[in-house]
Amino acid sequence: MSGKPQPRRRLLTGADRQETAARLARRYEAGAAVQVLAAEIGRSYTLARALLLEAGMEMRPKGLSKGAPRRGAR
């Protein structure tokens with residue numbers, strides 16, 4: 001650990017939150033994983049998932065990317 005305090009991030013509220021949620025939803029719909037989206041916005045997995053849910057996204061089962069065959073599917 002560097003001992004250097006991390007700068008506080010500002011809260012995502014209002015229009016910024018809605019725009020971020022919409023942008024993440026488009027990327028998620030195109031197949032991006034929640035972990036990747038969280039890294040892109042520099043926030044936690046939990047927040048990225050919450051934003052996707054706020055945008056009305058139906059979450060894929062963990063570990064499956066869009067179009068991946070499901071277990072037992074042939």
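The protein chain holds 3 helices and 0 strands, where helices (H or I, at least four residues) and strands (E, at least two) are DSSP runs numbered from the N terminus. Read from the N terminus, its elements run α-α-α. This is a predicted model, in which local features need pLDDT of at least 70 and side-chain atom pairs count only at pLDDT 80 or more, while totals for chains, interfaces and linings use all residues. Residues are numbered from 1 along each chain as its sequence is written, and side-chain values use heavy atoms, with hydrogens and water left out.

**The chain overall**

- Of the 74 residues in the protein chain, 22% are buried; buried means under 20% relative accessible area, exposed over 50%, and partly exposed in between (1.4 Å probe, protein chains only).
- The accessible surface of the protein chain is about 6000 Å², and carbon and sulfur atoms account for 52% of that; accessible areas come from the Shrake-Rupley method with a 1.4 Å probe, and for residues only the protein chains shown count as cover.
- Take the contacts (heavy atoms within 4.5 Å) between residues at least 6 apart in sequence: 53% of these join residues at least 24 apart.

**How the helices pack**

- Two packed helices are described by the angle between their axes and the distance between the axes.
- Helix H1 (residues 14-29) and helix H3 (residues 45-54) have axes that come within 8 Å and cross at roughly 90 degrees; axes are lines fitted to C-alpha atoms, for helices over the stretch in contact, and angles run from 0 to 180 degrees between N-to-C directions.
- H1 is therefore roughly perpendicular to H3, given that angles under 35 degrees count as roughly parallel, over 145 as roughly antiparallel, 65 to 115 as roughly perpendicular and the rest as oblique.
- On the H1 side, the contact is made by Arg17, Thr20, Ala21, Leu24, Ala25 and Tyr28, and on the H3 side by Leu47, Ala48, Leu51, Leu52 and Glu54.
- The contact of H1 with H3 has 8 nonpolar, 1 polar and 2 charged residues; Ala, Val, Leu, Ile, Met, Phe, Trp, Tyr, Cys and Pro count as nonpolar, Asp, Glu, Lys and Arg as charged, and the others, Gly among them, as polar.
- H2 and H3 pack with their axes 8 Å apart, at an angle of about 105 degrees, so H2 is roughly perpendicular to H3.
- Here Val34, Gln35, Leu37, Ala38 and Ile41 of H2 meet Tyr45, Ala48, Arg49, Leu51 and Leu52 of H3, a contact with 8 nonpolar, 1 polar and 1 charged residues.

**The nonpolar core**

- The largest nonpolar core has 15 residues, and Leu24, Tyr28, Leu37, Leu51 and Leu52 have the most contacts inside it; such a core is a set of buried Ala, Val, Leu, Ile, Met, Phe, Trp, Tyr and Cys residues joined through side-chain atoms within 4.5 Å.
- H1, helix H2 (34-41) and H3 each supply at least two residues of this core.
- Beyond its neighbours within four places in sequence, leucine 51 touches Leu12, Arg17, Thr20, Ala21, Leu24 and Ile41.

**Two residues to look up**

- Arginine 27 sits in helix H1 and counts as partly exposed because its relative accessibility is 35%.
- Setting aside neighbours within four places in sequence, arginine 27 is in contact with Ala32, Val36, Leu37 and Glu40.
- Threonine 46 lies in helix H3 and is exposed, with a relative accessible area of 61%.
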